[in-house]
Amino acid sequence: MSITISSAFDAGNIRVISQSGDTVELEIVTDHLSDFYQWFHFRLAGAGGREVTLKITNCGKSAYPDGWPGYQACMSLDREDWVRVPGTSFADGTLTIRFTPETDCVWLAYFAPYSMERHHDLVSTVAALPGVDYRILGQTLDGQDIDCLTIGEGELTVWLYARQHPGESMAEWWMEGALEKLVDSDDPVSRVLRRDCTFHIVPNMNPDGSRRGHLRTNAAGTNLNREWHNPSAEKSPEVLYVRNAMDEEPPLFAMDIHGDEAIPANFLAGFEGIPSLTERQSELFKLFSNTLERVSPDFQTRQGYEIPPKGQANMSMSTTQLAERFGAVSMTLEMPFKDNGDLPDEIYGWSPERSKYLAGACLDALHAILPELRDYAAVRGKKVEVAA
């Protein structure tokens, strides 16, 4: 049986350039109307029991070429269990994946995909549970719904949102873990969180990019996490609808869930550079970060992004915009495409399951700082005047 490689499915992305026996040269396709690319997801058929060599030749000019050294591709036989391919290497701009498939049908991806079908299953399952409200915040350029789930009845407003960058699929695995914990009626932490907080949760902010197999942009080629200062219906309706909903229910605490290509660690990015930064805001961000580090061995505070000086934050990003606009304790959680170097897993690397466990730890940390958040809410006031 000859080798066949295909990607004409939900979140698929690859282009076959040439084939010689069991060696195939490939390219990752750029996001539509954009130069971004790094996400790949394809099916390999007809190579069971034979060593194959797959060469993705355009990785050197991808969005984040520093993400390839030390990276191992993800492979699955059943699209449920995704393991790492040890025979992955990067040199001279080419990512080489060399392995012997166990069967004639295997799947490879940059990270374990989170399909739109699984997204719909997740939303439908959670929305049907008692105490959960569901609404559509708006529609994308491709006509997909922007789903929002509301859980809890407390005075403290929390927003959780993920996959502004669709290729960062670990973000929605995190969301699945967060939702499973929040609706668990036997979990005492979740019971208190539901009593004291109201959670507004957007599991996938970029359905179009997710389905199209994009790394970073929506159907218009727009990076949503550079639109929060001035979103538009033409370029970034996803941000426009979500931010409008936040104006109605201003966040006290917010988490934007992402993945990082290069850094082999879990870390938070904050809002230190905003013009209106207050000492109490900074203290609460650090308190949450330090608490999360104590409760989860998978989280650390040593590695992360460079912190800008006060007044020099990029205000087009959601975390900084929410901190400035609402006085929120907001943050971006970054998870690795590679592995957590402090606690490596040779078989799975960083994985969907670990992403879900980290979500649970984040909610545990949030529970631990609730008294301080209550005090901050009282100082900030029950209503936030939205900046013009």
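The side chain of histidine 41 comes to 3.2 Å from the backbone oxygen of alanine 11. The model is predicted.

Biologist: Is histidine 41 buried or exposed?
Modeller: Histidine 41 is found in strand S4, residues 41-45. Its relative accessible area is 5%. Buried means under 20%, so histidine 41 is buried.

Biologist: Which residues is histidine 41 in contact with, leaving aside neighbours within four places in sequence?
Modeller: Alanine 11, whose backbone oxygen the side chain reaches, is one of them. The list also includes Trp82 and Pro113.

Biologist: How are H3 and H8 oriented to each other?
Modeller: H3 spans residues 188-196 and H8 spans residues 352-368. Their axes come within 10 Å and cross at roughly 60 degrees. Angles from 65 to 115 count as roughly perpendicular, and those under 35 as roughly parallel. H3 and H8 are therefore oblique.

Biologist: Which residues make the contact between H3 and H8?
Modeller: H3 passes H8 in a left-handed crossing. From H3 come Val189, Val192 and Leu193. From H8 come Leu363, Asp364, Leu366 and His367.

Notes. Residues are numbered from 1 along each chain as its sequence is written. This is a predicted model: local features need pLDDT of at least 70, side-chain atom pairs count only at pLDDT 80 or more; totals for chains, interfaces and linings use all residues. Side-chain values use heavy atoms; hydrogens and water are left out. Helices (H or I, at least four residues) and strands (E, at least two) are DSSP runs, numbered from the N terminus. Buried means under 20% relative accessible area, exposed over 50%, partly exposed in between (1.4 Å probe, protein chains only). A polar contact is a pair of N or O atoms within 3.5 Å; within protein, one must be able to donate a hydrogen and the other to accept it, and residues adjacent in sequence count only if both atoms are side-chain atoms. Contact means heavy atoms within 4.5 Å. Axes are lines fitted to C-alpha atoms, for helices over the stretch in contact, and angles run from 0 to 180 degrees between N-to-C directions. Angles under 35 degrees count as roughly parallel, over 145 as roughly antiparallel, 65 to 115 as roughly perpendicular and the rest as oblique. A crossing is left-handed if the near helix is turned anticlockwise from the far one by less than a right angle, and right-handed if clockwise.
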